[in-house]
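Please look through the sequence and the model shown below, and then follow the text from the place where two parts of the chain meet to the details of single elements.

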Amino acid sequence: SQLFIKDLHFDGVPMRIYLPREPSASKRRGVIFIHGGCGIFGSIRSHERICRYIARKSDSVVVSVGYHLAPEHKYPAQTLECLTATVHFLKTAETYGVDPTRIIVCGDSVGGTFTASVCQELEHRTDIPKIRAQVLIYPFLQALNFNLPSYQKNAAIAFLSQERTVHFILKYLNKDCSLKEQILAGSHVPESINLKYRKWINPDLIPDVFKLGYKPPLPTSFLPQVHEEVQELFELWFSPLLAEDAVVCGLPDTCIVTCEHDVLRDEGLLYKKRLEDNNVRVTWHHMEKGFHG
């Protein structure tokens with residue numbers, strides 16, 4: 001009763017818009033919401049309640065992106081559709097009573113991945129309004145190290161276990177799921193890449209309070225054939241944590257939400273550090289009793 005809800009298409013991408021019915025004296029804020037679900041499930045409908053809640057509680061216009069799912073729609077179609085929808089809304093925001101300088105992008109899980117990628121991709125654009133802020137709710141941000149402290153601690157946790165994370169990644173990329181064990185062990189990463197990104201993806205960068213009981217994994221041998229099979233894991237659209245400082249320093253204000261009982265906890269912590277090191281303003285909320293999903 002408080003919202004006007006309508007299904008639309010932004011340049012061919014299915015969207016659902018949530019507009020507060022109460023008249024506003026000035027232009028409202030806008031929220032682009034990108035749902036999670038590993039890129040292979042989830043929908044506008046699965047995240048209907050959270051979008052209604054955000055629209056009501058913040059008196060904002062929310063647009064939810066109904067990107068097409070993998071593997072039927074091959075990666076990186078999902079990221080590209082989120083990018084297309086975001087650009088369209090930034091350009092047409094005033095049509096919906098939204099101030100184009102007050103638009104945030106928000107996503108949970110892989111929606112957080114897409115949010116981070118969209119913000120990185122648009123950071124240098126001068127032909128459209130700047131994104132005001134990004135909200136990353138327990139995002140997936142890197143596919144190099146599946147043995148960070150949070151992966152070890154929550155290896156067998158409900159819904160998103162260590163093993164299921166890699167299983168879903170392979171499903172999303174339409175790869176052979178028998179590669180799972182080698183990727184979990186890190187055999188897909190050549191030593192040159194490990195050395196290059198050690199400054200950003202490293203258990204030493206995780207605060208000690210989050211490393212209780214952590215045991216560094218034993219070295220594994222690099223398998224070139226596995227590396228060749230999963231090249232996508234090293235692309236910025238898949239692992240936004242690998243972006244160079246020149247990109248990271250231009251990102252908008254950021255809110256990161258992490259959960260204690262979540263394999264992805266440390267990815268949020270590592271991105272938080274990278275953003276702060278590049279003088280990006282970060283708000284961090286850690287849910288000590290929180291689970292992924």
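Of the area that domain 1 buries against domain 2, Phe238, Leu242 and Val263 supply 25%, more than any other three residues.

Residues are numbered from 1 along each chain as its sequence is written. Because the model is predicted, local features need pLDDT of at least 70 and side-chain atom pairs count only at pLDDT 80 or more, whereas totals for chains, interfaces and linings use all residues, and side-chain values use heavy atoms, with hydrogens and water left out.

Counting contacts (heavy atoms within 4.5 Å), 33 residues of domain 1 touch 29 residues of domain 2. One salt bridge is found across this interface, the term standing for a side-chain nitrogen of Lys or Arg within 4 Å of a carboxyl oxygen of Asp or Glu. The side chains of Lys153 and Glu260 form a salt bridge, at 3.5 Å from N to O. On the side of domain 1 that touches domain 2, β7 (253–261), α10 (265–277) and β8 (282–291) each supply at least two residues, and α10 gives the most, with seven residues; helices (H or I, at least four residues) and strands (E, at least two) are DSSP runs, numbered from the N terminus.

**A helix and a loop**

Which residues of helix α5 (residues 162–172) are buried? They are Gln162, Thr165, Val166, Phe168, Ile169, Leu170 and Tyr172, where buried means under 20% relative accessible area, exposed over 50% and partly exposed in between (1.4 Å probe, protein chains only). An α-helix has 3.6 residues a turn, so residues three or four places apart point the same way. The cover over the buried residues of α5 includes α2, α3 (110–122), α4 (149–153) and α6 (180–185), and just after α5, Asn174 takes a positive phi of about 60°.

Lys74, in the loop between β4 (61–65) and α2 (77–92), counts as exposed because its relative accessibility is 59%.

Definitions and conventions: Buried area = accessible area lost by both parts, 1.4 Å probe.
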